[in-house]
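Take a moment with the sequence and the model below.

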Amino acid sequence: MCLSILGGIFTGLYMDKKDLNPWAGPIIYTAEAASEPLQDKPKEVRIKVVYSKEGIERLIRETFHEAPNTAVAIAKCESGLNKDIQSHFILSYGREQSFGIFQIHAKDWDAKAKKLGYGDYKTDVEDNIKMARYLYESRGNFKDWSCYNNGSYKAFL
């Protein structure tokens, strides 16, 4: 097979040289397309958004426009605006399952957060703030947060 390919190449080169073969006309090369086109596999690209504390405060103020200072103070009291924090309280079942900026309690709200499309509320700043907004609207106040109930949020105003 290799010899026939090499023979075809040399013959083509010979025939392409008009000075060697004056009777040769132009040579047209053709190729057959592959039966299945090659396709790149889709690639997943993840973009990590990094928020500054000022950016987090801005998002909270925009989301809680009717009580921006109180909402920011509660978030500062609950988490120090640390999006990666889990509660440090140890309860009878182990470490408390509260997460993110607003320390959303997973045992109470995980299923609802997923149903609302805020499934990343434990680690995603925007989902955590949106879920906090949902809790606020559901109750009509900030009584889902211990920092509000015991008044300790006032130190952050």
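In what order do the elements of the protein run from the N terminus on? The order is α-α-α-β-β-β-β-α-α-α. Keep in mind that this is a predicted model. The protein has six helices and four strands.

Now take the chain as a whole. It has 157 residues, and 31% of them are buried. The protein exposes about 11,400 Å². Carbon and sulfur atoms supply 55% of that area. Next, consider the contacts with a separation of 6 or more. Residues 24 or more positions apart account for 45% of these.

Which residues of H2 are buried? They are Gly55, Ile56, Glu57, Leu59 and Ile60. An α-helix has 3.6 residues a turn, so residues three or four places apart point the same way. What do the buried residues of H2 pack against? Their partners are H5 and helix H3, which spans 68–79.

Turn to the pairing of H2 with H5. The crossing of H2 past H5 is right-handed.

Which residues make this contact? From H2 come Ile56, Leu59, Ile60 and Thr63. From H5 come Val125, Glu126, Ile129 and Arg133. By class, the contact of H2 with H5 has five nonpolar residues, one polar and two charged.

H5 has another helix to meet. Helix H4 takes in residues 106–116. Its axis and that of H5 come within 11 Å and cross at roughly 110°.

Which residues join H4 to H5? On the H4 side, they are Trp109, Lys112, Ala113 and Leu116. On the H5 side, they are Met131, Tyr134 and Leu135. Six of the residues in this contact are nonpolar, none is polar and one is charged.

Met131, Tyr134 and Leu135 of H5 meet H4.

How values were computed:
Residues numbered from 1 in each chain as written. Predicted model: local features only at pLDDT ≥ 70, side-chain atom pairs only at ≥ 80, totals over all residues. Heavy atoms only, no water. Left-handed = near helix turned anticlockwise from the far one by under 90°. Helix = DSSP H or I, 4+ residues; strand = E, 2+ residues; numbered from the N terminus. Contact = heavy atoms within 4.5 Å. Nonpolar A, V, L, I, M, F, W, Y, C, P; charged D, E, K, R; others polar. Buried < 20%, exposed > 50% of the residue type's maximum accessible area, 1.4 Å probe, protein only. Areas by Shrake-Rupley, 256 points an atom, 1.4 Å probe, with all protein chains shown as cover. Axes fitted to C-alpha atoms, helices over the stretch in contact; angles between N-to-C directions.
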